[in-house]
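Subject: A structure for you to look at

Hi there,

Here is the structure I promised to pass on. Please open it alongside this email, and I will walk you through what I found.

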Amino acid sequence: MRTKVVIVGGGPAGMLLSQILHRAEIDHVVLERQTRNYVLGRIRAGILEWSSVEVIRAAGVSTRMDAEGEAHDLVNLAWGGEHVLPIRVKELTGRQMMAYGQTELQQDLYNAADDNGTSLLFSADDVAVNDVTTESPHVTFRHNGADERIDCDYVAGCDGFHGVSRAAIPEAERTEYERTYPFGWLGILSETPPLPHLVYTNHERGFGLCSTRNPMLSRYYVQCPIEDHVDDWSDDRFWSELSARLPGEVADRVVTGPSIEKSIAPLRSFVAEPMRYGNLFLAGDSAHIVPPTGAKGLNLAVSDVHLLSRALIAHYRDGDTAHLDGYSGEALERVWGSVRFSWWMTTLLHRFPDMTDFDQRLQERELSYLASSTAAQASMAEQYVGIPFANPPEEE
Ligand code: RFL
Ligand code: PHB
């Protein structure tokens with residue numbers, strides 16, 4: 001079997017790339033290790049930057065997002081159990097965020113793939129990426145008990161942090177940058193009405209976040225020790241801990257209820273460079289991870305796909321390889337911007353086990369500086385809502 005592009009991984013990065021390539025009539029195959037239901041069951045991101053909204057619209061998969069997603073024009077920072085600072089993102093930048101669950105976007109992308117008749121194989125085992133530095137790259141895998149091979153021009157490694165694509169780049173050819181954080185996030189979903197705006201809170205008991213999925217579905221997080229297990233956290237314990245970390249007036253407005261999902265995620269910053277090796281291109285979490293505090297992970301996956309799809313289209317339509325050659329450098333510019341911002345928000349809002357009084361005072365001063373300076377708020381707002389693309393997608 002032969003195709004132009006093999007996409008390894010059918011998460012948001014892989015499926016969005018597939019959708020854009022389909023519209024450009026570029027043949028491709030998507031290989032996903034898990035089942036469709038497994039991918040759809042993972043509860044992850046919730047907030048899209050405006051640039052991501054534009055890419056999703058231009059890709060023709062925004063009908064439900066535009067109908068059901070909620071535009072948000074501000075986020076709140078809270079600290080010390082008393083201060084609440086609204087960062088008026090729209091007023092400061094002219095742009096806003098969209099609250100729309102990753103699960104919903106993933107569903108929309110799978111539905112589009114069904115309509116497109118995309119070659120999308122679930123439960124593809126033992127995927128291996130071969131000969132990407134030659135003229136004849138190919139991907140091998142097992143599917144329905146049979147060994148399969150697909151020859152291609154390019155491989156798009158969209159298989160997340162634990163995938164095989166990054167590992168196909170010899171260690172001597174890549175550099176990895178990493179920071180792990182000494183705590184995790186315990187997240188719950190509850191079928192209760194969310195607060196009208198996101199609230200990120202810094203408290204001596206630790207970080208907390210109030211977020212949203214839809215008018216009757218809320219997402220909340222608290223910072224927890226990395227060794228904790230979900231069984232350590234009854235719903236009651238979760239709600240009382242969240243409430244203790246919020247200013248009273250905010251805590252009073254949180255509507256509690258039974259959790260329908262509960263999970264603990266570690267926090268990590270990670271970048272692998274370069275994002276290209278021969279005819280293999282990495283996109284999304286396969287090349288980089290950010291702690292969720294800046295809400296950037298999914299947005300970086302979307303921005304990589306915007307740049308990579310544009311480069312592939314320029315190559316196949318016009319024989320222009322300049323964008324493919326520039327992909328890694330251009331993508332990494334945005335990646336490091338989001339890595340820095342997510343690290344900054346994480347450092348500003350969490351309690352670190354080894355924090356000294358000096359560190360503590362710096363955190364307090366940074367928060368009060370933000371409260372007193374419109375320039376500081378504007379800087380945070382433009383990074384939170386996302387830096388616009390130099391070449392934004394064209395809406396049809
Ligand atoms: P994914 O979603 O991990 O998808 C990769 C896919 O590849 C498959 N795969 C393989 N397929 C074939 N062969 C193999 N050998 C394979 N190995 C793996 C996997 O099964 C999977 O389906 O990566 P992708 O597409 O790059 O998307 C990245 C995003 O999922 C991720 O960055 C975000 O979820 C991060 N994130 C957030 N991002 C935001 O922009 N805003 C947020 O508000 C936000 N909140 C979050 C988050 C991530 C979280 N967790 C749990 C990590 C909140 C949390 C708690
Ligand atoms: C979420 O809704 O899951 C969410 C929102 C904002 C973040 C991280 C996660 O920074």
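One cut-off first: a residue counts as buried when its relative accessible area is under 20%, and as exposed when that area is over 50%. Please also keep in mind that this is a predicted model.

With that cut-off in hand, take Arg174. Its relative accessible area is 17%, so Arg174 is buried. You will find Arg174 in the loop between strand S12 (154-157) and strand S13 (175-190). Its side chain makes a polar contact with the side chain of Glu176, at 2.4 Å. Leaving aside residues up to four places away in sequence, Arg174 touches Arg166, Ala167, Ile169, Glu273 and Pro274.

Next, the two ligands.

Ligand 1 has 32 residues around it, and those that come nearest are Glu32, Arg42, Gln102, Asp285 and Leu298. Some backbone atoms also lie by its oxygen atoms. A backbone N or O atom of Pro12 is 3.3 Å from an oxygen atom of ligand 1, a polar backbone atom of Gly46 is 3.2 Å from an oxygen atom of the ligand, and for a backbone N or O atom of Ala295 the distance to a ligand oxygen is 3.1 Å. On its own, ligand 1 has 1,000 Å² of accessible area, and the protein covers 89% of it. Helix H1 (12-23) and helix H9 (297-318) are the elements that give two or more residues to this shell. The largest share, three residues, comes from H9.

Ligand 2 has 14 residues around it, with Tyr200, Ser211, Arg213, Tyr221 and Pro292 coming nearest. Here side chains take part: an N or O atom in the side chain of Ser211 is 2.6 Å from an oxygen atom of ligand 2, and an N or O atom in the side chain of Tyr221 is also 2.6 Å from a ligand oxygen. Pro292 has a backbone N or O atom 2.8 Å from an oxygen atom of ligand 2. The protein covers 97% of the 280 Å² of accessible area that ligand 2 has on its own. Strands S14 (198-203), S15 (206-214) and S16 (217-224) each give two or more residues to the shell, and S15 gives the most, with three.

Two helices are worth a look as well.

After H6 comes Gly117, with a positive phi near 70°.

Helix H11 (residues 357-372) has 16 residues and reaches 22 Å from first C-alpha to last, close to the expected 22 Å. Which of its residues are buried? They are Gln360, Gln363, Leu367 and Leu370. These four cover an arc of only 90° around the axis, which puts them on the same side of H11. The face turned away from that side carries the exposed residues Asp357, Phe358, Arg361 and Ser372. The buried residues pack against strand S5 (75-79), strand S6 (83-87), S14, helix H10 (322-349) and helix H12 (374-385).

Enjoy exploring!

Best wishes

Terms used
Residues numbered from 1 in each chain as written. Chains lettered and ligands numbered in written order. Predicted model: local features only at pLDDT ≥ 70, side-chain atom pairs only at ≥ 80, totals over all residues. Heavy atoms only, no water. Expected span 1.5 Å × (residues − 1). Buried < 20%, exposed > 50% of the residue type's maximum accessible area, 1.4 Å probe, protein only. Arc of directions from axis to C-beta. Contact = heavy atoms within 4.5 Å. Near = heavy atom within 4 Å. Polar contact = N/O pair within 3.5 Å; in protein donor to acceptor, adjacent residues only side chain to side chain. Areas by Shrake-Rupley, 256 points an atom, 1.4 Å probe, with all protein chains shown as cover.
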